[in-house]
Amino acid sequence: MAKVYVTRAIPDVGIKLLKEKGYEVDISDKDRALTKEELVGALKTKEYDAVLSLLTDKIDGDIYDAAPTAKIFANYAVGFGNIDTEEAMKRGITITNTPGVLTDSVAEHTFAMILGITARIVEGDRFTRAGKYKSWAPELLLGMDIKGKTLGIIGAGRIGSQVARIGKGGFEMKAIYFDIKRNEKFEKETGAEFRESVEEVLKEADVVTLHVPLLDSTRHLINKERLEMMKPTAYIVNSSRGPVIDEKALVEVLRKKKIAGASLDVFENEPALSPGLSELENVVITPHIASATQETRDKMSEMTAQNIIAFLDGDTPPNAV
């Protein structure tokens, strides 16, 4: 009987699939990310054939050593920056992920964040709950219409492209974008216009939304110098990876109101926030929940299980990295 270790409870869809195959499935009973020591200890208790990991698990040589019989680590995530893939390759270990599954949910959440900050919805909610609302007033919490405005997209992959479609179809926004590779299909579908640099997008857009992976080249892609290129009426939104923005610089720029506002679902030193960020009114912050819909998380669970099942059946997993 194959043995599978799951580092944290996930939606039951995938767990049922694994158990229906007759596998022995052990799930961490801690409703949090395990420490490295805890994960090593758990993996040493049995000879596991597969490990179902989460984005919050750091999978490296020490983890591989703790589970020498596990030849597949199936990541319950689209990204796999938490996994040492080079070391896995050296050891003949297969790594899988769940690509494409969260495009719609993240794009929808991104637009919710755009609306939340431009319409000052969260700020208005706090204002009202605090008992500050006394009567209608002509200049109370004035926001910005997004119809017809310029949407700047940095990273025109699946999610960035879907955000542009929502902007065009729902709000008649003009899309401009920068990516390391020009996407002519995206341009035809959305009418988006390519810009030669990040700086051009930042200078021109009314709303900038980030959809790039975290690489050495994208860490602090948005720094103080580039933030100060934006219009004072512009907003920036990040639902990609926290370190893409220099958060300390963002706090300074927001505090001085050099830009109108920001919406963040991810943070540079997650879960910690940079000092002063939570005190600002011109920022909306959500706790890394852009993909947190029942439909998406169920599908991620199913795909992760299918990757493990295919591998243990001797087939190539559908989503091998």
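**Helix packing and local features of the predicted model**

In α1, the residues Val 13, Gly 14, Ile 15, Leu 17 and Leu 18 meet Asp 298, Ser 301, Glu 302, Ala 305, Gln 306, Ile 308 and Ile 309 of α12. Contact here means heavy atoms within 4.5 Å. Helices (H or I, at least four residues) and strands (E, at least two) are DSSP runs, numbered from the N terminus. The model is predicted, so local features need pLDDT of at least 70 and side-chain atom pairs count only at pLDDT 80 or more, while totals for chains, interfaces and linings use all residues. Residues are numbered from 1 along each chain as its sequence is written, and side-chain values use heavy atoms, with hydrogens and water left out.

Helix α1 spans residues 12-20 and helix α12 residues 294-312. Their axes lie 6 Å apart, and the packing angle is about 25°. Axes are lines fitted to C-alpha atoms, for helices over the stretch in contact; angles run from 0 to 180 degrees between N-to-C directions. α1 is therefore roughly parallel to α12. The cut-offs are under 35 degrees for roughly parallel, over 145 for roughly antiparallel, 65 to 115 for roughly perpendicular, and oblique for the rest. The crossing of α1 and α12 is right-handed. That term applies if the near helix is turned clockwise from the far one by less than a right angle; anticlockwise is left-handed.

α5 passes α7 in a right-handed crossing. Residues of α5 in this contact include Val 106, Phe 111 and Leu 115; those of α7 include Ile 159, Ile 166 and Phe 171.

Leu 115 also contributes to a nonpolar surface patch of about 210 Å², together with Ile 121 and Val 122. Patch residues have over 30% relative accessible area and no salt bridge; like charges are joined within 9 Å, nonpolar side chains (Val, Leu, Ile, Met, Phe, Trp, Tyr) within 5 Å. Accessible areas come from the Shrake-Rupley method with a 1.4 Å probe; for residues, only the protein chains shown count as cover. Ile 121 is found in helix α6 (residues 121-129).

The structure holds 26 salt bridges (a side-chain nitrogen of Lys or Arg within 4 Å of a carboxyl oxygen of Asp or Glu). One of them joins Asp 31 and Arg 8 (3.4 Å, N to O).

A cis peptide bond joins Glu 270 and Pro 271, with omega about 10°. Leu 141 has a positive phi of about 50° although it is not a glycine.
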